[in-house]
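User: Hi! I would like to learn how the chains in this model meet. Could you walk me through it?

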Amino acid sequence: MAMSEKLIQLEHLKTYFPLQKTLTGKVRAWIKAVDDVSLTLQTGECLGLVGESGCGKSTLGRTVLRLVGHTAGTIRFKDAEIQGLNKPAFQPFRPKMQMVFQDPRASLNPKMTVLQIISEALAICSGVDRGQYAQRATELLDMVDLRPEHLFRYPHEFSGGQQQRICIARALATQPEFIVFDEATSALDVSVQAQIIHLMADLQKQLHLTYLFISHDLSIMEHICHRVAVMYAGRIMEVQDADALFSAPLHPYTKALRDAVPIADPTRRDGMAVLEGEVPSLVEPPDGCRFHPRCPYATQVCRQKAPDAVRIKSGNWVRCHHHSELQDKKMLAVAG
Amino acid sequence: MENQDFKILARKALADHRLARGYKLRLFLKKKLAVFATFVLFLIVLSAIFAPWVAPYPDQGKGEINLEERLQPFSKTHLLGTDIYGRDLLSRVIYGGRVSVFGGIFIVVMAALIGVPLGLWAGYQEGVSGTIIMRTVELVLSFPSALVAMGVSIVIGAGSMTALVALIIPWWPWYTRLVQGEVLSIKHMLYIEAAQMLGYGRIYILFRHLLPNILAPVVVMMLLDVGPAIIAIGVLSFLGLGTQPPHADWGLMVWNGSQNLLGEWWIAIVPGFAMFLLVTVFNIFGDTLKDILDPNQS
Amino acid sequence: MHMKTPPPTPVLSVKDLTVDFKGPRGTARILEGIEFGLFPGEILALVGETGCGKSITAKSILDLIPLRSLHRTGTVSFEGLDLFSLDHSEFRSIRGRSIAMIFQNPQSSINPVFTLGEQMYRLIRMYLKNEIDAVCQHQGLNKKAAIGEIAREKLAEVGLTETDRLLKSYAHEISGGMAQRYKIAQALLSSPEILIADEATSALDVTVQAHILKLLKQMSHKKGTTILFITHDLGIAAQICDRVAVMYAGRIVEIGNTMDIFQTPLHPYTRGLLESVPKLGYSETLQYVSGMIPDLVNPPRGCRFHPRCAHKMTHCEEQRPMNTTSADHHTVACHLYSR
């Protein structure tokens with residue numbers, strides 16, 4: 001890999017949605033979906049973003065692409081600040097950052113053929129002129145293992161896996177540098193998911209893409225991500241290299257998440273442990289460390305003060321007051 | 001890929017899709033009632049278009065009086081009898097059909113042309129403009145449509161064209177309401193988000209993505225509205241607010257004939273039956289089409 | 001881990017269940033020759049991917065599919081009784097009472113118009129008349145208070161707290177995890193012999209899922225309830241189930257003890273499926289089975305898996321493989337093993 005530059009930089013990013021307004025329009029309560037997130041994505045890497053429902057990960061993905069308006073903080077694409085740009089100024093960035101959504105069937109207009117869908121994406125990419133659309137669309141389909149005759153079919157004529165490939169082809173049409181996958185494999189069957197993951201990995205290598213892979217499924221992260229960020233209640237709790245994340249998580253929530261996943265191996269039944277409590281509300285998150293009400297290691301300081309990010313090594317950090325002693329005592333390592 | 005291969009593929013795909021659409025046609029043809037109704041509808045529409053050639057007494061159809069033969073029942077020379085001015089009822093019905101058929105279609109199409117874009121905007125944009133549109137819709141709908149039409153008619157003057165305009169006014173809000181509801185339900189679909197992500201503007205998304213996907217219920221509503229529109233024209237004419245004499249109009253004819261209901265009953269019943277027939281076949285046609293196009297709609 | 005050989009009399013026995021669905025494109029055989037037994041106290045996983053027929057199998061057992069375009073043959077015997085031969089009222093006394101079911105979306109299966117309490121009380125009045133009387137006598141309460149007491153107790157059993165508040169809530173006011181616990185409490189009210197869980201945890205977060213799976217296992221041990229767990233998640237099968245049945249394109253291709261299925265999978269589809277499941281802590285490349293699930297209107301002749309099978313023989317295209325069972329009750333339907 002060539003010298004890595006920082007492709008995406010998020011600094012203190014916040015996305016709040018108004019929940020209640022008084023009669024005068026003043027907002028009384030906010031849904032703090034993304035609450036002070038700072039992340040950096042290196043060119044060519046696949047960063048995983050994992051968390052349970054309501055943690056804000058989808059909102060984060062959409063905020064980075066400006067599908068949803070941010071409330072505070074900065075978003076940088078190759079050192080250029082993009083969060084405050086108006087529509088025409090932001091337009092040149094759009095082709096470079098694309099998204100693949102969760103439900104492939106809902107992502108494709110049922111009344112348009114595949115050719116029309118891809119042409120619509122090609123139309124905003126300045127390099128291609130109209131006569132070339134069919135040619136380019138055929139090439140894109142070939143990249144995702146679909147055939148030219150599929151151009152003339154409608155989305156409902158395809159299986160879920162094929163539909164997702166069409167969505168990937170559409171995302172590639174604008175020659176992006178950065179793609180956000182928002183639960184892109186969650187709606188697919190296991191074997192289809194494996195096919196799509198393979199495809200994504202191949203494409204990343206071939207086209208030098210950078211990925212943000214959002215999912216609630218921890219198990220899949222290992223197979224495609226270089227680093228993984230764990231999100232909880234609007235904040236990032238930990239970012240680590242993927243292989244280290246599972247064997248030696250830095251944050252108690254990561255451990256709880258990992259322990260809750262049912263492993264497809266009946267010889268390892270001891271692993272599944274249960275985390276008490278409920279996912280916190282994004283309107284009134286707990287004070288101090290967001291995870292403290294459910295954390296088996298929480299102490300007084302955790303209830304009062306939100307932990308700062310502590311750097312472990314390049315690209316790896318954690319937000320936990322007790323992370324060093326938990327590491328020393330190996331409290332979070334894999335059981336057995 | 002070769003341009004040649006491409007054309008072959010395109011042609012084959014088109015053939016495949018025609019085959020799939022042909023399936024829907026076959027389904028329609030299986031329902032004998034619908035086929036018969038469509039046939040009758042076809043006849044009525046054709047006779048309306050070619051009235052001068054189809055009607056046996058075109059001038060009488062247009063209004064020429066023929067006092068010697070007045071009030072005659074069904075006979076060989078006048079298949080459906082004559083009215084109080086001696087005019088051949090069959091010709092009158094055919095000419096009257098022009099107002100009803102084209103008037104009915106005109107009202108529905110205009111109501112849709114006004115109501116649908118407003119509904120698209122109100123549904124997608126919401127906000128202040130959306131609220132203004134929807135409140136206007138509710139305002140118009142809160143008045144009984146008959147009264148609104150009559151009121152407008154009186155204000156702008158009676159006549160066949162003005163009657164049509166008067167009827168469009170209470171009619172368009174139904175389309176806005178329908179479309180707004182449909183838009184709200186698909187507004188958050190991911191393919192809309194995908195188009196937004198590519199940077200396409202509101203107008204493009206409204207017409208390229210939203211409109212095609214809400215068209216089916218709109219078409220169904222239009223088809224099923226033609227019948228009521230025809231009746232509404234008839235009612236206005238019956239009240240004297242529509243077509244003015246001597247032009248032929250079913251509603252007007254019913255009013256004329258209502259005075260002789262006990263004696264020369266055919267003068268009122270024949271045009272009334274014509275209205276009934278047209279509305280029924282339009283409804284059967286529309287209903288069957290609805291079952292095929294949008295089977296999930298109750 | 002040593003698995004006991006199951007006792008010979010199943011509490012539920014499905015034999016040769018075949019369901020045809022007549023649609024616009026033709027008749028699809030969505031289930032063919034489904035055959036398995038449920039033994040008392042066990043947890044059996046019915047696994048497979050979308051469209052394999054696992055949900056339809058469960059719904060057929062409880063006669064929950066609209067019969068308009070369906071044609072069904074075969075038998076389902078529950079404690080010796082042929083369920084399909086019962087009339088409506090006889091079946092209703094079994095459905096819900098002796099065989100209960102919980103579904104994927106718990107909040108949608110609670111009536112939104114009534115409070116949780118109202119729905120619970122009704123069921124208690126229906127199934128637990130004896131218990132109501134007992135509580136009235138022992139605790140000197142009137143009927144209404146007794147019912148309330150029992151409701152609170154049942155909710156606490158499934159790990160729900162703040163039961164008073166919960167009983168006054170509506171479906172949309174509670175979380176998915178709470179709703180599913182509530183549904184489990186409801187399902188177990190009548191102490192059914194069998195509980196069918198149809199993708200009961202698929203819509204829940206993974207930490208909530210862990211709770212529910214643990215709860216189900218506890219309930220099964222405590223009350224001896226047999227559970228038929230339908231899922232696409234092989235992890236769930238591995239963690240809490242005693243036996244696993246693998247379905248593909250409307251047929252059961254393999255069935256056996258969990259350990260046997262995972263450690264010595266016999267059917268090529270089972271093997272392919274296991275290799276494509278991402279397992280935490282193992283980062284070998286994911287394999288996958290090439291091809292797609294077949295069109296059930298025109299399924300492949302013979303074995304339905306042969307177009308995707310690496311071990312295909314000519315025999316496979318012609319004849320449907322019959323079941324071969326080994327000594328430790330590991331059954332597979334594949335020509336590789338039928339000689």
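Analyst: Happy to! This is a predicted model, where local features need pLDDT of at least 70, side-chain atom pairs count only at pLDDT 80 or more, and totals for chains, interfaces and linings use all residues. Residues are numbered from 1 along each chain as its sequence is written, while chains are lettered from A and ligands numbered from 1 in the order in which they are written.

User: How far apart are the nearest C-alpha atoms of chain B and chain C?

Analyst: Two residues are in contact if their C-beta atoms, placed from the backbone, lie within 7 Å. Chain B and chain C do not touch. Their nearest C-alpha atoms are apart by 10 Å.

User: Which two chains have the most contacts between them?

Analyst: Two pairs of chains touch. In one of them, 35 residues of chain C meet 34 residues of chain A. The pair with the most contacts is chains A and C.

User: Which helix gives the most to the side of chain C that touches chain A?

Analyst: Helices are DSSP runs (H or I, at least four residues), numbered from the N terminus. At least two residues each come from α8 (206–223), α9 (234–240), α10 (258–263) and α11 (268–276) of chain C. With seven residues, the top contributor is α8(C).

User: And where does the largest share of the side of chain B that touches chain A come from?

Analyst: Here 17 residues of chain B are in contact with 24 residues of chain A. In chain B, α1 (3–30), α9 (190–198) and α10 (202–238) each supply at least two residues of that side. The largest share, seven residues, comes from α9(B).
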